[in-house]
Amino acid sequence: SDTETSEKIQKSGVLQVFASLLTPQSSCTAKVANIIAEVARNEFMRNPCVDAGLIPPLVQLLNCKDQEVLLQTGRALGNICYDSHEGRNAVDHAGGAHIVVDLIRSLCSKTDPASEKLLTVFCGMLMNYSNENDTLQSQLINMGVIPTLVKLLGIHCQNAALTEMCLVAFGNLAELESSKEQFAYTNIAEELVKLFKKQIEHDKKEMIFEVLAPLAENDVIKLQLVEAGLVECLLEVVQKTVDSDKEDDIAELKTASDLMVLLLLGDESMQKLFEGGKGSVFQRVLSWIPSNSHQLQLAGALAIANFARNDGNCIHMVDNGIVQKLMDLLDRHVEDGNVTVQHAALSALRNLAIPVVNKAKMLSAGVAETVLKFLRSEMPPVQFKLLGTLRMLIDAQAEAAEQLGKNAKLVERLVEWCEAKDHAGVMGESNRLLSALIRHSKSKDVIRTIVQSGGIKHLVTMATSEHVIMQNEALVALALIAALELVTAEKDLENAQLVQILHRLLSDDRSAPEIKYNSMVLICALIGSEPLQKEVQSMAFLEVVSKLRSHENKTVAQQASLTEQRLAVES
């Protein structure tokens, strides 16, 4: 297989002669196939093999009964396919994959050394044939190769070379969505967990992990893996590797804890492991949070965020002191902390704050104060979660909303983030939190703080958002400003061209009913200001509003009548 020999073979023109020697009748067929297999190990020889017309006769030889011929033919085809687009295409056109899949099926149950050797070569050939090629992978999946390979893995789990080939083939196929549906109908979960339990070497475990990760993205397979006992294996890996500073162990710890978090993304698998908060897995994951390993802290916080996906779990966790653990974790990461850990812990707190009964408990535990320590963060993912957590906490909590809304440092930072054009998520959440501070506190002090920090223009811009929910939140906040502190905000509302925007929202047929309703409520409040009233009068609002009296939505129609009366009186 050395380069020089291959070059000489290529120049001699003997490749073209080989095509005629590849017949079942010829006594040297196996040797010719062997030579082709060897030269095709060199990348530059693969296309010449295809051009010499060797693929069709090689594929025909797959129907031969001679073991040695089959072995060398499988090797030759596998090597020609390796990283070669032309090789794969030629094998595809000659129908080679079909024959190989049938051969694997017929040999699957045979455990003699010769059959196992053939199976290893054929699995390797399929792997090279389909590697990084979605079309050919789909073709193999449609041929039903997955159940065959899973069966193969079960029968030949003692044969290291063959199981390795199966695993690489699975890794190839498992990336495709269509494969996961097929895998879900096999006992792949059971076989992989059984295999994993036997592994001692890091490399072998790593290979199994590489198959498990894409498969675990499927909810049905997640549950099968949990039921097959994968979680216990993962916890054991964590326990063995947590205190090690060996590179392999650190990698294994990361893979195992990441996979654990992935299993918790399925609703059924997550509830099964939560076991009403009594589950041993849940308890073990809790113990990761105070750990000294950043990787485990991260996985622990992400796992809690995943457990906190329904109200029952959230209420149970808050009642059982999880909030303090997360706050302690965040405190360890305030100064030059680990951004991924900050993000994960804030995600968990945000989810825990969703049920109404948890908000007051979390506020009195000091969550808001802990979260505010990260206001200085320059990391958009952390900013985004911080904003979301505060917004969840103050929902319908007037006192907390007032306290935070009077915090000039917080409001100034929000106003700054409202201009984070590069980070739409942060920009949206800052606007929503500004509006929420006003809506939940209904406080004049909060409105004054927001006016002083220059926040009004952002609320007016938010009223033009493409998301109805955000438009609505902005209009309600602006109506409260107009009702409680119109004189203070008057100049800013005028500069932000609020009246023109309201005219546009009311004239636009696509505006949602609640947008039309709240826009009219706001107009009625704005005419309490002389400059704003003049603007309203100059813009033919009466026409637009009188049309809305016949709106199909009754609430909108009623509000249109009231608004029309108010406008008529004022004019």
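A: L493 lies in helix α34, residues 486–495; helices here are DSSP runs of H or I with at least four residues, numbered from the N terminus. The model is predicted, so local features need pLDDT of at least 70 and side-chain atom pairs count only at pLDDT 80 or more, while totals for chains, interfaces and linings use all residues. Residues are numbered from 1 along each chain as its sequence is written, and side-chain values use heavy atoms, with hydrogens and water left out.

L493 counts as buried because its relative accessibility is 1%, the cut-off for buried being under 20% relative accessible area with a 1.4 Å probe and protein chains only. Not counting residues up to four places away in sequence, L493 touches I456, V460, L478, L486, L498, L526 and L532, where contact means heavy atoms within 4.5 Å. One of these partners, V460, is 33 residues from L493 in sequence, yet their C-alpha atoms are 7.6 Å apart in space.

L493 and L526 are also among the residues with the most contacts inside the largest nonpolar core, which has 209 residues. Such a core is a set of buried Ala, Val, Leu, Ile, Met, Phe, Trp, Tyr and Cys residues joined through side-chain atoms within 4.5 Å. Helix α33, residues 468–484, supplies the largest share of this core, 9 residues. I304 is another of the residues with the most contacts in the core. Leaving aside neighbours within four places in sequence, I304 is in contact with F282, L286, I289, M317, I322, L326, A348 and L352.

How values were computed: Buried < 20%, exposed > 50% of the residue type's maximum accessible area, 1.4 Å probe, protein only. Helix = DSSP H or I, 4+ residues; strand = E, 2+ residues; numbered from the N terminus.
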